[in-house]
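Hi,

Here is the structure I promised to pass on to you. Have a look at it first, and then read my notes on its salt bridges below.

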Amino acid sequence: MRLPQAEELDHFGTPSFRVRGKIFAQFSRGSSDAIFKFSLDELDVLRMSAGDLFVPDPSWGKHGWTHVRIAEMDEAWVDQLLRDAWRRVTPKKMHGELEDGE
């Protein structure tokens, strides 16, 4: 992964992406969906602009976990969503590492 300190680990049989043990994204096997961590405010904005692409998880949606239909998005948008999810779980002092590596 191009995101600093990100690693891929199994999570109940599917690939998850973490920093320091905190999951920021998970991809579904056999599906074009992914699950991302959003703030509830961000999720509201995303659902207003493209609600059909963002579906809060029935169990974890109250914590911002959302199913995202990434197959219907361009690569740049998915990349930005991954970077934003990464920023949500990392300490602010690490955010400079992402900008330095770009």
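Arg 2 and Asp 79 form a salt bridge, with their closest N and O atoms 2.9 Å apart. This pair links distant parts of the chain: Arg 2 sits in the segment before strand 1 (6-11), while Asp 79 belongs to helix 2 (residues 75-89), 77 residues apart. Please keep in mind that this is a predicted model.

Arg 2 is exposed, at 66% relative accessible area, and Asp 79 is partly exposed, at 25%.

Asp 79 has another partner as well: Arg 83 forms a salt bridge with Asp 79, and here the closest N and O atoms are 3.1 Å apart. Both residues lie in helix 2, four residues apart, which is about one turn of the helix. Arg 83 has a relative accessible area of 13%, and because buried means under 20%, Arg 83 counts as buried. Taken together, Arg 2, Asp 79 and Arg 83 are linked in a network of salt bridges.

In total, the count comes to four salt bridges, and the ones described here are among them.

Best wishes

Definitions and conventions
Residues numbered from 1 in each chain as written. Predicted model: local features only at pLDDT ≥ 70, side-chain atom pairs only at ≥ 80, totals over all residues. Heavy atoms only, no water. Salt bridge = Lys/Arg side-chain N within 4 Å of Asp/Glu carboxyl O. Helix = DSSP H or I, 4+ residues; strand = E, 2+ residues; numbered from the N terminus. Buried < 20%, exposed > 50% of the residue type's maximum accessible area, 1.4 Å probe, protein only.
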